[in-house]
Amino acid sequence: MTLLRRTPAVLLLAVALLLAACGPGVGGSGTGMEPGAPPGTASLPTPSLHADSADGRQVQAVLEGSRLRVDAACPRLRFEGTWDGVSAGPLRFDGRLDATSSATAEALVSGITLTITLRDGTGAVLLGPLPLGAVAALPPLAGC
C-alpha cells in the first residue's frame with residue numbers, strides 16, 4: 001500500500017522537473033520574443049559574411065538572423081548585438097563592445113552589401129559608415 005501512495009508523488013515530481021526545463025535558459029530568453037530576421041535581409045544567405053574591400057582582413061561582419069557581429073582589426077574591437085525589431089530607417093543592433101560596454105551598430109542593406117556604423121554608449125562614432133561586401137569566407141583579421 002505504501003508503494004501506491006508514493007507513485008503519484010513520484011509522477012508529480014517527474015512532471016514538475018520536465019516542465020522546469022521549458023523556461024529561460026542558456027539558449028535564449030524563454031519568452032519567444034526575439035525578433036526575426038531584419039527586413040531587407042531575406043535575400044542574404046544565413047549566416048551572411050561581409051568584409052572590407054581592401055583585403056577582407058580589416059573589418060568583418062557576420063549577420064545571422066537577428067544577430068550581428070562586427071570585428072575590426074585596428075584598433076581591435078568586437079561588437080555583438082541583436083536587432084532592435086524596428087524596421088524603419090537603418091537597422092539598429094543593440095549590444096556590447098568587447099563584451100564590456102554598451103554600444104549600437106547601424107546597418108544599411110543594399111543588395112549584398114552592408115554599410116556598418118558602430119557607436120559607443122554615448123553615441124560617438126567608433127567606425128564607419130563603412131560598406132562591407134559579401135564574401136564566401138572570412139580570412140583571419142590583420143594585426144595592428
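Predicted model: local features only at pLDDT ≥ 70, side-chain atom pairs only at ≥ 80, totals over all residues.
Local features here need pLDDT of at least 70, side-chain atom pairs count only at pLDDT 80 or more, and totals for chains, interfaces and linings use all residues. Residues are numbered from 1 along each chain as its sequence is written, and side-chain values use heavy atoms, with hydrogens and water left out.

Student: How many salt bridges does the count come to?

Tutor: A salt bridge is a side-chain nitrogen of Lys or Arg within 4 Å of a carboxyl oxygen of Asp or Glu. One of them pairs Arg69 with Asp71, with the closest N and O atoms 3.0 Å apart. By this rule the count is 4.

Student: Is Asp71 buried or exposed?

Tutor: Buried means under 20% relative accessible area, exposed over 50%, and partly exposed in between (1.4 Å probe, protein chains only). Arg69 is partly exposed at 27%, and Arg78 is partly exposed at 35%. Asp71 has a relative accessible area of 6%, so Asp71 is buried.

Student: Which residue takes a positive phi in the hairpin of E2 and E3?

Tutor: Strand E2 (residues 59–64) runs antiparallel to strand E3 (residues 67–72), with 6 bridges joining them. Across this pairing, Gln60 stands opposite Asp71 in E3. The hairpin has 2 residues between the strands, and the positive phi, near 65 degrees, belongs to Gly65.

Student: How many residues apart in sequence are the parts that Arg119 and Glu106 tie together?

Tutor: The closest N and O atoms of Arg119 and Glu106 are 3.5 Å apart, in a salt bridge. Arg119 lies in strand E7 (residues 113–120) and Glu106 in strand E6 (residues 101–110), so the pair ties together parts whose separation in sequence is 13 residues.

Student: What is the relative accessible area of Glu106?

Tutor: Arg119, the partner of Glu106 in a salt bridge, counts as partly exposed at 24%. Glu106 is also partly exposed, and its relative accessible area is 27%.

Key:
Helix = DSSP H or I, 4+ residues; strand = E, 2+ residues; numbered from the N terminus. Pairing = 2+ DSSP bridges.
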